[in-house]
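Subject: Model handover

Hello,

Here is the model we talked about, with its sequence. My notes follow below it.

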Amino acid sequence: MPMPVSQTKPKSESVSRNGGRLIVDALVAQGVEQVFCVPGESYLAVLDALHDAPINVTVCRQEGGAAMMAEAVGKLTGRPGICMVTRGPGATNASHGVHIAMQDSTPMILFIGQIETGMREREAFQEVDYKAFFGSMAKWVVEIDKAERIPELVTRAFRVAMQGRPGPVVVALPEDMLVETATVADAAYVEPAQTWPGRDELARLEALLGEARKPLLIVGGSGWSDEAVTSLVRFAERFDLPVGTSFRRQMLFPADHPNYAGDVGIGPNPKLAQRIKEADLLILAGGRLSEMPSSSYSLVDIPTPRQKLVHIHAGAEELGRVYQPTLAIHATAQAFASALDGLQPSGSLPWSAETRQANRDFHDWTDEPKPIPGTFQYGEALLWLRDRLPEDAVICNGAGNYAIWVQRYLRFRRYGTQLAPTSGSMGYGMPAAVAAKALDRSKTVVCFAGDGCFMMNGQEFATAVQYDLPIIVVVVDNGMYGTIRMHQEREFPGRISATKLKNPDFAAYAVAFGGHGETVTTAAEFGPAFERALASGKPAILHCRMDPEAITPMTTITRIREQALAK
C-alpha cells in the first residue's frame with residue numbers, strides 16, 4: 001500500500017499541540033481517511049481537532065453500529081477501521097464490534113473518551129476499567145495518560161492491530177490528557193511486518209502434495225489481498241486442487257472457478273463435509289477451522305487429525321492451538337500466497353477427476369433452489385440477483401437463518417465483496433453496508449437482514465440517508481427469531497417461547513427516514529422492486545415477507561417439530 005500524502009511531511013517536535021490534536025494528527029499520519037463515531041463530552045478535544053482534519057467523519061446513531069462500521073472497513077482494507085465513542089455506556093455498546101473484530105481477526109482501533117486521571121477509582125461518572133472490560137476480547141488495551149506519548153502509543157496500536165493475527169485494539173483517552181499540550185513529532189507510517197514461510201517448510205509442503213492422493217485446500221482467515229488471492233488461484237490451478245472457503249470467507253476464492261468445491265460453513269454440502277473427512281492431505285491456509293467451519297469440531301479430529309494437516313497462519317499461537325498439524329507454517333496470508341509461486345507439481349496429479357467432481361457437487365448443491373412454503377421464493381430472488389449484480393458488488397449480512405440462502409445461492413467472484421461476521425453477531429449487515437458504501441460510493445452495496453437482525457441496528461439506516469449512501473437493504477421478514485425458533489423446535493418441539501416478533505412496516509420505515517421502500521411478497525416482484533430501488537438513488541429497503549414455515553432451504557418448522565417428536 002503506498003504511503004499516504006499526509007505522511008510525507010510529518011509535524012516536527014517544534015509544534016506544540018494538545019492531546020486531541022495529537023490523536024487526530026496521528027491518525028492522519030497513518031493514512032486514516034474515515035472515522036465512525038458517536039460524539040461524547042469525554043473527547044470533545046478530539047472532535048474539535050477532526051473539524052479541520054482531512055478525515056471523513058461519519059456520525060452514527062448507536063455505538064454498536066459505529067464499531068461494526070469500523071470493523072467492516074478493517075475487513076475491506078486490511079488496515080484498522082477507526083471508531084470513536086464516549087466512556088461508560090458508549091464503550092460497552094461498542095463492545096459488540098470489538099468482539100466481532102476479535103473472532104473475525106479484523107484490524108480495528110476503538111478510541112474511548114475516559115474520565116479525568118485525577119478521578120480514577122472513585123467510580124466517577126461513567127467510569128469503567130477498560131483493561132478489565134475489554135481485556136479478553138481485544139489484542140491490547142491501553143490508556144494514554146500523557147499527551148507526549150500519543151504518537152508512540154497510537155503507532156503501536158496500529159502495529160498490534162495489523163501484525164500477527166489481526167484484531168482489535170482499545171485506546172482510552174482521559175479527558176484531561178486531551179487538553180494537555182506537548183511538543184512531540186508525529187510517528188512514521190506503519191506497514192505491518194509480513195512473516196514469510198521458510199524454504200524447508202515450502203519444500204515439505206511440495207513433498208506432501210507429491211505423496212497425496214486426496215488433497216483439499218481450505219482458505220480462510222484475514223490479511224488477504226487481491227494479489228494474494230490471485231496467487232492462491234494460480235497455485236490451485238497448477239496443482240489442480242479442490243478448494244473450499246471457510247465460513248463467511250467466500251470472497252477468498254472465485255465461485256465461478258472450476259476448482260471451487262464450496263463453502264465450509266454452517267450446514268455445509270454433505271458431500272463437501274465427507275470430502276474433508278476423507279482427505280489424506282488438508283491444507284488450511286489462513287483460517288483457524290473453528291467451531292462453525294469445522295461443524296462443531298467434527299470434521300477434523302482433535303488434537304491429532306486423521307488427515308495430514310498443513311496449517312498456515314499469521315499467529316504463531318494459533319498453530320497447534322486446537323489441531324496438531326503435520327506441518328505448521330507461521331506466515332501471513334500475503335507472504336504465503338506470494339511464496340506459493342515457487343511451487344510446482346513434480347508429476348501427474350491423480351486427484352484431478354476428484355477436483356472436477358467436487359466442483360460438480362458444488363453446482364448440484366447451489367445452482368437451483370428447491371421450492372419453499374409461501375409465495376416469496378427467496379432462492380429464486382437470489383438467482384435473479386446472482387445473474388445481475390456486478391462482480392464487485394459488496395454483499396453484507398448479519399446472523400440468522402436468512403443468511404443460509406445468501407451464502408448458498410449467491411456467487412462471490414472477487415476479493416473485497418463479502419462482509420459477514422464469522423462471530424455470528426446479529427445486526428452487522430446494516431452498519432457494514434453503510435461502511436462499504438462510504439468507502440467506495442461507486443460500488444453496488446446490498447445488505448441482507450432478517451427482521452430480528454435488522455432491528456438490532458436498523459437505526460443506522462438514518463446514517464445512510466444522512467450521508468446520501470444509496471445502499472439496498474433486503475429485509476427478510478418471517479415474524480420471529482428464526483434460528484432460535486428452529487433450535488427450539490428441535491429441542492422442545494411445539495413449546496414456542498420468546499421467539500415471536502411483531503414487526504413494523506419496513507418499507508414505510510425506509511420512507512419515514514427519507515429513503516425508498518417497497519414491500520415484496522413474491523419472487524416475481526423482487527427483480528422490478530430491486531431495479532426501482534437502484535434507480536431511486538436513495539438508501540432503500542425491500543421488505544420481503546417470508547412464510548415462517550420456510551426455516552432453511554431444505555426443511556420446514558413443521559418437519560423439524562415432527563422429527564423431534566418422533567424421537
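Aspartate 240 is buried, because its relative accessible area is 12% (buried means under 20% relative accessible area, exposed over 50%, partly exposed in between, with a 1.4 Å probe and protein chains only). Aspartate 240 sits in the loop between α9 (226–239) and β10 (243–246). Its phi is near 50 degrees, a positive value in a residue other than glycine. Helices (H or I, at least four residues) and strands (E, at least two) are DSSP runs, numbered from the N terminus.

This is a predicted model: local features need pLDDT of at least 70, side-chain atom pairs count only at pLDDT 80 or more, and totals for chains, interfaces and linings use all residues. Residues are numbered from 1 along each chain as its sequence is written, and side-chain values use heavy atoms, with hydrogens and water left out.

**Central region**

UniProt lists residues 204–340 as "domain: Thiamine pyrophosphate enzyme central", in an unreviewed entry. UniProt positions are given in the numbering used here, feature names are shortened, and annotations may be inferred rather than shown by experiment. The span is 28% helix and 21% strand, and its end C-alpha atoms lie 12 Å apart.

An open sheet of 6 strands has the order β11-β10-β9-β12-β13-β14, with parallel pairing. Its edge strands are β11 (260–264) and β14 (327–330), each pairing on one side only. From one strand to the next, the twist averages 15 degrees. Two strands pair if DSSP finds at least two bridges between them.

β12 and β13 pair in the parallel sense over 5 bridges. Leucine 282 stands opposite leucine 309 in β13. On to β14: strand β13 (residues 308–313) is joined to β14 by 4 bridges, and the two run parallel. Valine 310 has leucine 327 in β14 as its bridge partner. Histidine 313 stands opposite histidine 330 in β14. β13 is mostly covered, with 5 of its 6 residues buried.

Helix α10 (residues 270–278) lies across β9 (215–219), β11 and β12 (281–285). It runs at about 95 degrees to β11. Axes are lines fitted to C-alpha atoms, for helices over the stretch in contact, and angles run from 0 to 180 degrees between N-to-C directions. Contact means heavy atoms within 4.5 Å.

Check the loop between β12 and β13, which holds leucine 289 and proline 303. Leucine 289 has a positive phi near 50 degrees. It counts as buried because its relative accessible area is 4%. The peptide bond from isoleucine 302 to proline 303 is cis, with omega near 5 degrees.

**TPP-binding region**

For residues 398–544, UniProt lists "domain: Thiamine pyrophosphate enzyme TPP-binding", again from an unreviewed entry. The chain there is 44% helix and 16% strand, with end C-alpha atoms 16 Å apart.

Another open sheet of 6 strands runs β16-β15-β17-β18-β20-β19, with parallel pairing. β16 (418–419) and β19 are its edge strands, each pairing on one side only. Strand β15 (residues 394–397) joins β16 through 2 bridges, and they run parallel. Cysteine 396 has leucine 419 in β16 as its bridge partner. α19 lies across β18, β19 and β20, at about 175 degrees to β19.

Helix α20 (residues 523–536) has 14 residues, so at 1.5 Å a residue it should span 20 Å; its end C-alpha atoms are 20 Å apart, which agrees. The expected span is 1.5 Å times one less than the number of residues. Its buried residues include Phe526 and Phe530. The buried residues of α20 pack against α13 (378–386), β17 (445–450), β18 (472–477), β19 (516–520) and β20 (540–545). Just after α20, glycine 537 takes a positive phi of about 70 degrees.

**Core and one loop**

The largest nonpolar core has 53 residues; Leu110, Phe134 and Leu419 are among those with the most contacts inside it. Such a core is a set of buried Ala, Val, Leu, Ile, Met, Phe, Trp, Tyr and Cys residues joined through side-chain atoms within 4.5 Å. Helix α3 (residues 63–77) gives the most to this core, with 8 residues.

Glycine 494 lies in the loop between α18 (482–491) and α19 (506–513). At 46% relative accessibility, glycine 494 counts as partly exposed.

Best wishes
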